[in-house]
Amino acid sequence: MRPKITIVGAGNVGATTAHWLAERELGDIVLVDIPQTEGMPKGKALDLMQAGPIVGYNTRLIGTTDYEPTANSDIVVITAGVPRKPGMSREDLVNVNANIIRDVISKAVPLSPNAIYIVVTNPLDTMTYLAYKLSGLPRERVIGQAGILDSARMRTFIAMELDVAVENVQAMVLGGHGDEMVPMVRFTTVAGIPISMLLPKEKIDAIVDRTRKGGGEIVSLLKTGSAYYAPGAAVAQMVEAILKDQKLIVPCSVYLQGEYGLHDICFGVPVKLGRKGVEQIIELPLNEEERAMLERSVQLIRNTMAALQPA
Ligand SMILES: NC(=O)C1=CN([C@@H]2O[C@H](COP(=O)(O)OP(=O)(O)OC[C@H]3O[C@@H](n4cnc5c(N)ncnc54)[C@H](O)[C@@H]3O)[C@@H](O)[C@H]2O)C=CC1
Ligand SMILES: O=C([O-])CC(=O)C(=O)O
């Protein structure tokens, strides 16, 4: 039997994730949205299936406004939620999207108690925390997507600056998915060469700053919402790593129990992704400057968690 991948929220990120996943033939896909969207999820699913004969993929897609077809999913991706507009921070979305996460978890988890949940809704770390707490699932199976996207942005900016292939560039962005995220310059390399040997400090600082504000840059260009091509690709990479049991090391937001000296928070750290979800959390030795940046990122998430109103 083919794996079943449910995507909750058939909007920009959800539909784009479905597109990247359909091409990879990783499993059959169920796109779910709210009843008010009427035929929209069904229309997008059918449209994506009709691309199959042209592109050459054999993925079955179902679009629905009811959760029954999602039952027994292997993976549930949660992209349901409001995106920000210019002038807003991700944190501004906390209460409107918390209500959406509550709704989604209450409907998806009873039908797919064994699935691995990937949270995409912003503010990412707080929504992952809420999903983890409400679901009652082990922390290995509730994972937030942020670090793959943030690292990909940093890799892109470095490749643009040095005029080299993006595949040559390795970067690791840790911490929360907010403007206080922590690009780890010390662990950034181009074909194995530390970035500090290739670029002057001012250029590196500018890349770090642009990476931190990378989501906002797209919001200010699009005006109607936020990024979705790269976010969808990041989710697809996580789904592939899990379903193929790749043991892929990437940064993801996970519930910490003492790692990096942190408790009771979802935070972006390097993890090993495999068929069981998060199979290992990797602790990097941090210097004083990195530790201070991490603390600022923690504080931003704690403030957002404190703004969370009860249901
Ligand atoms: N973690 C990350 O790296 C990223 C996160 N995001 C976040 O992803 C979320 C979605 O963004 P977009 O797809 O651009 O927005 P969108 O507005 O295009 O789509 C959101 C969809 O969610 C649906 N929805 C709302 N309430 C729902 C519910 N209770 N159950 C099921 N579906 C529901 C809406 O009907 C809509 O179709 C936003 O919160 C955004 O901030 C976006 C990009 C990157
Ligand atoms: O910036 C936003 O609101 C959407 C997002 O998380 C990103 O693109 O990194």
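1. In this note, Ala, Val, Leu, Ile, Met, Phe, Trp, Tyr, Cys and Pro count as nonpolar, Asp, Glu, Lys and Arg as charged, and the others, Gly among them, as polar. The model under discussion is a predicted one.

2. Overall division of the chain. The protein chain falls into domain 1 (4-144) and domain 2 (147-306). Between the C-alpha centres of domain 1 and domain 2 the separation is 22 Å. Their contact involves 36 residues from domain 1 and 33 residues from domain 2. On the side of domain 1 that touches domain 2, at least two residues each are supplied by α1, β4, β5, α5 and β6 (142-144). The element giving the most to that side is α1, with 8 residues. By class, the side of domain 1 that touches domain 2 has 18 nonpolar, 8 polar and 10 charged residues.

3. An unreviewed UniProt entry carries the annotation "domain: Lactate/malate dehydrogenase N-terminal" for residues 4-144.

4. Arginine 90. This residue sits in the loop between β4 (75-78) and α4 (94-111). Is arginine 90 buried or exposed? Arginine 90 is buried, because 27 other C-beta atoms lie within 10 Å, and the cut-off for a buried residue is 20 or more. Apart from neighbours within four places in sequence, arginine 90 is in contact with Arg84, Asn122, Pro123, His177 and Gly178.

5. Asparagine 122. The loop between β5 (116-119) and α5 (124-135) holds asparagine 122. With 27 other C-beta atoms within 10 Å, asparagine 122 is therefore buried. When residues up to four places away in sequence are not counted, asparagine 122 touches Gly81, Arg90, Leu93, Asn97 and Met127.

6. Surroundings of ligand 1. Around ligand 1 there are 34 residues, of which the closest are Gly9, Gly11, Ala80, Gly81 and Asn122. Two or more residues of this shell come from each of the elements α1 (12-24) and α4. Which element gives the most to the shell around ligand 1? That element is α4, with 4 residues. The shell around ligand 1 is made up of 17 nonpolar, 14 polar and 3 charged residues. Domain 1 (4-144) and domain 2 (147-306) each provide at least three residues of the shell around ligand 1.

7. A strand pair. Strand β13 (residues 263-274) pairs with strand β14 (residues 277-281) in the antiparallel sense, over 4 bridges. Leucine 273 has valine 278, in β14, as its bridge partner. The two strands, β13 and β14, form a hairpin with 2 residues between them.

Terms used. Residues are numbered from 1 along each chain as its sequence is written. Chains are lettered from A and ligands numbered from 1 in the order in which they are written. This is a predicted model: local features need pLDDT of at least 70, side-chain atom pairs count only at pLDDT 80 or more; totals for chains, interfaces and linings use all residues. UniProt positions are given in the numbering used here, feature names are shortened, and annotations may be inferred rather than shown by experiment. A residue is buried if 20 or more other C-beta atoms lie within 10 Å of its own, exposed if 12 or fewer, and partly exposed in between; C-beta atoms are placed from the backbone. Two residues are in contact if their C-beta atoms, placed from the backbone, lie within 7 Å. A residue is near a molecule or strand if its C-beta atom, placed from the backbone, lies within 6 Å of it. Domain bounds come from an automatic or database domain assignment. Two strands pair if DSSP finds at least two bridges between them.
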